[in-house]
Amino acid sequence: MNDYASSSNTDSSESHRAPRPSSMDVPSPSSVRAFQPSSADAPHPEEIQWRERWFHAFDTECFVKARATEHDLDQVVSLCARYERLLSHTLPGSDIWAVNHAEGRRTKVDPETAALVREALRYCSKSSGLFDITLAPLARLWNFHTACAPSEGDVARALRHVGWQRVDATENTVIVTDPEAEITLGGIAKGYIADRARDLLVDQGARDAFISLGGNVVVMGLSPHGRPWNIGVRSPDFHRDQERKRIENEAIARSPHGIDKRALRDLGRRPEKPACVLTCSDLSVVTSGIYERCFLDKATWAVHHHILDPKTGRPCESDLASATVLSRMSIEGDGLSTALAIMGRDRAAEFIREKTDAAAIFIERDGAITVAGSEAILEETRAIEIPGAEIVK
């Protein structure tokens, strides 16, 4: 399938590596390389043509493909580097790092940082706290790198310092009134930055582009084939099958009869069949799913995923495996997708219909697909043609 890429957003704390979009128009892994921000000098005249760029930012892989000049892509990379220096909560000297180390004092920040914090707080309020920018201490307890689940006591203590109401932002200052609380914009920043990258390309005269910041996908205009872009929504079945196969192969490797090489030969990733493919232009697609980042607790044999419920401090237990938001602005998809995944199908479908101008695709843990929201967006993306999907109106 041409012009195909996948959308998946697992981020809530800037601490993950998102999957690479797969496409006939995307370079192979061997062609990935690091790029440095360009100088601010005026560019030499360049031919406008299809160009692409991989780069690393926000602790994840990013990709831009556009009908533009090399200088235009340099500017996108520079823009992302600037925002990372401004908004990362782990980078010493950033605005968010300074706020978190201010011990409850009001901190002067860049006006754009303050504006984004205010916008994030709006989504916290709109979602009744299911999206919460103060989850950083709690997220650290659920260590997905060491596969270690926290104790109930540790979760209870961290929950005392979770609550977006502790945060206030003026025109150029931010304060977290609880000295032990922290904020992170990891759950919304990439959507905001993807919107700014699109705006930059539009200002430079580009009309056709594909932008992926760690799975936050924004498309403009048409693909190199002159058709709308195809965006795949990941299937939870693929990840379940991969994990099952990995566990089976590990068990065979530990067998007293020795390693069965026939069983171990396909440890690599298998070709992925998406749950559905959306055909769209001038739209953002953001997915939050429970299957991208998880670990098996060997003490209890429970599988824990990364989408934490701010009410309980534990991985959410809704009936949804993923929530994909289709919206005009990527910041809206970022601000809503995690909260929708926590809500569960029925409540999420009602929320997306009644409180937003966006649309959403919900995939339940048993694989059932539900589509709800803006009819205009659904018609544009042809999401209503998803086989077997239930359309909630």
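Trainee: Why is Asp346 called exposed?

Mentor: Asp346 has a relative accessible area of 54%, so it is classed as exposed. Bear in mind that this is a predicted model, in which local features need pLDDT of at least 70 and side-chain atom pairs count only at pLDDT 80 or more, while totals for chains, interfaces and linings use all residues. Residues are numbered from 1 along each chain as its sequence is written, and side-chain values use heavy atoms, with hydrogens and water left out.

Trainee: What makes Arg328 and Glu380 a salt bridge, and which parts does the pair tie together?

Mentor: Their side chains come to 2.7 Å, N to O. Arg328 sits in the loop between strand 16 and helix 9, whereas Glu380 belongs to helix 11 (residues 375-381), so the pair ties together parts 52 residues apart in sequence. The elements are DSSP runs numbered from the N terminus, with helices being H or I of at least four residues and strands E of at least two. Arg328, at 39% relative accessibility, is partly exposed, and Glu380, at 40%, is partly exposed as well.

Trainee: Where do Arg196 and Asp199 lie, and how do you know that they form a salt bridge?

Mentor: Both residues lie in helix 6, three residues apart, which is about one turn of the helix. The side chains of Arg196 and Asp199 meet at 2.8 Å, N to O. Asp199 has 28% relative accessibility, and so it counts as partly exposed.

Trainee: How do you know which strands belong to the open sheet, and what is their order?

Mentor: Two strands pair if DSSP finds at least two bridges between them. The open sheet has nine strands in the order 2-3-7-8-11-16-17-18-19, with mixed pairing. Strand 2 (49-57) and strand 19 (390-392) are the edge strands, as each pairs on one side only. From one strand to the next the twist averages 15°, where axes are lines fitted to C-alpha atoms, for helices over the stretch in contact, and angles run from 0 to 180 degrees between N-to-C directions.

Trainee: What makes helix 6 (residues 189-203) count as packing on the sheet?

Mentor: Contact means heavy atoms within 4.5 Å. Helix 6 touches strand 3 (60-68), strand 7 (209-213) and strand 8, and its direction makes about 155° with that of strand 7. Helix 9 (residues 330-343) also packs on the sheet, touching strand 8, strand 11, strand 16 (320-327) and strand 17 (359-364), with a direction at about 160° to that of strand 16.

Trainee: Why is strand 18 (residues 369-373) described as largely enclosed, and in which sense does strand 18 pair with strand 19?

Mentor: Five of the five residues of strand 18 are buried, so the rest of the structure largely encloses it. Strand 18 and strand 19 pair in the parallel sense over three bridges, with Ala372 opposite Val392 in strand 19. Strand 17 and strand 18 run antiparallel and are joined by five bridges, among them the one that makes Thr370 the partner of Phe362. Their hairpin has four residues between the strands, and there Gly367 takes a positive phi near 95°.

Trainee: How many disulfides does the structure hold, and how do you know?

Mentor: A disulfide is defined as a pair of cysteine sulfur atoms within 2.5 Å, and the structure holds zero of them. Of the cysteines, Cys276 is buried at 5% relative accessibility, and Cys316 is buried at 4%.

Terms used
A salt bridge is a side-chain nitrogen of Lys or Arg within 4 Å of a carboxyl oxygen of Asp or Glu. Buried means under 20% relative accessible area, exposed over 50%, partly exposed in between (1.4 Å probe, protein chains only).
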